[in-house]
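Hi,

Here is the structure I promised to pass on. Have a look at it, and then read my notes below.

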Amino acid sequence: MHCRLNLDVYGEQIVFDLLGDIYTMPLTGGTPTPLISGVPWTTQPHFSPDGKYLTYTSDESGCDNVWIYSFELGRSMQVTYEPYFYVSNAKWKNSTHIVANKWHLVLDRGIAGGEIWQYAVPTDWSNPQPWGDRWGKNEGVMLAGRTNEYAQFGPEEPFFDMASGRYVY
């Protein structure tokens, strides 16, 4: 068994995940404050470039998908809606788009092949329903994929270098 801690820093705040919940705390230390907790497993938090939002991965919809939390509104909205493929490890490209990993299970063997996809960030927070279903709204755009549909490997762990404007896989 291994332990993996995901954390991010914006200004004087740290955000991190621990045992399926997401916490914030001052950069100078102190007691962590639960931000997103409960039955769903939430992980991989990352601040937006302006610090107003947080992207994270959650299985709240039944499968790992990307969600965004608004610090101003104090609530979350689902960004991707994949009922079968896992979407995880979202990183901010800029304030309007995120880049995430979509894992495809291959045939009967169940070893996932990764692809890097870009998704638009929601602008209408009045709709509480998942708005990123794969049959129409916010399908995303594949940026890097597997060599073919049977490939059991592909790009992993997207990272967008904000300074240079280039992707690093």
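Leu18 has Asp21 of β3 standing opposite it. Strands here, like helices, are DSSP runs numbered from the N terminus (E, at least two residues, for strands; H or I, at least four, for helices). Before I go on: this is a predicted model, with local features needing pLDDT of at least 70 and side-chain atom pairs counting only at pLDDT 80 or more, while totals for chains, interfaces and linings use all residues. Residues are numbered from 1 along each chain as its sequence is written, and side-chain values use heavy atoms, with hydrogens and water left out.

β2 and β3 run antiparallel and are joined by 6 bridges; two strands pair if DSSP finds at least two bridges between them. The hairpin they make has 2 residues between the strands, and Leu19 takes a positive phi near 50° in it. Leu19 sits in the loop between β2 and β3 (21-26) and is exposed, at a relative accessible area of 73%. The cut-offs are under 20% relative accessible area for buried, over 50% for exposed, and partly exposed in between (1.4 Å probe, protein chains only).

**The sheet it belongs to**

The order is β1-β2-β3-β4, an open sheet of 4 strands with antiparallel pairing. β1 and β4 (33-36) are its edge strands, each pairing on one side only. Neighbouring strands in this sheet are turned by 30° against each other on average, direction ignored. For that angle, axes are lines fitted to C-alpha atoms (for helices over the stretch in contact), and angles run from 0 to 180 degrees between N-to-C directions.

Going through the other pairings:

- β1 and β2 (residues 13-18) run antiparallel and are joined by 4 bridges; Asp8 stands opposite Val15 in β2.
- β3 and β4 pair over 3 bridges in the antiparallel sense, and Ile22 has Ile36 in β4 as its bridge partner.
- The β3-β4 hairpin has 6 residues between the strands, and there Gly29 takes a positive phi near 110°.

How much of β3 is buried? The count is 5 of its 6 residues, so β3 is largely enclosed by the rest of the structure.

There is also a nonpolar surface patch of about 340 Å², made by Leu5, Leu7, Val9 and Leu27. Patches take residues with over 30% relative accessible area and no salt bridge, joining like charges within 9 Å and nonpolar side chains (Val, Leu, Ile, Met, Phe, Trp, Tyr) within 5 Å. A salt bridge is a side-chain nitrogen of Lys or Arg within 4 Å of a carboxyl oxygen of Asp or Glu, and accessible areas come from the Shrake-Rupley method with a 1.4 Å probe, where for residues only the protein chains shown count as cover.

Another 4 strands form an open, antiparallel sheet in the order β5-β6-β7-β8. Its edge strands are β5 and β8, each pairing on one side only, and the twist averages 30° from one strand to the next. β7 and β8 run antiparallel with 4 bridges between them; Ser70 stands opposite Arg75 in β8.

Strand β5 holds Gln44, a residue other than glycine whose phi is positive, near 60°. Is Gln44 buried or exposed? Buried, at 9% relative accessibility.

**Aromatic rings**

I count 4 aromatic pairs in the structure. Rings of Phe, Tyr and Trp (its six-membered ring) pair if their centres lie within 6.5 Å; planes under 30 degrees apart count as stacked, over 60 as edge-to-face and the rest as tilted. Tyr10 and Phe47 make a tilted pair, because their planes are at 40°, with ring centres 5.8 Å apart. This pair links distant parts of the chain: Tyr10 is in strand β1 (residues 7-10) and Phe47 in strand β5 (residues 42-47), 37 residues apart. Tyr10 is partly exposed at 35% relative accessibility, while Phe47 is buried at 9%.

Phe47 also forms a stacked pair with Phe71, 5.9 Å centre to centre and 25° between the planes. Phe71 lies in the loop between β7 (65-70) and β8 (75-78), so this pair ties together parts that are 24 residues apart in sequence. Phe71 is partly exposed, at 31%. Ring pairs link Tyr10, Phe47, Tyr69 and Phe71 into a cluster.

Cheers
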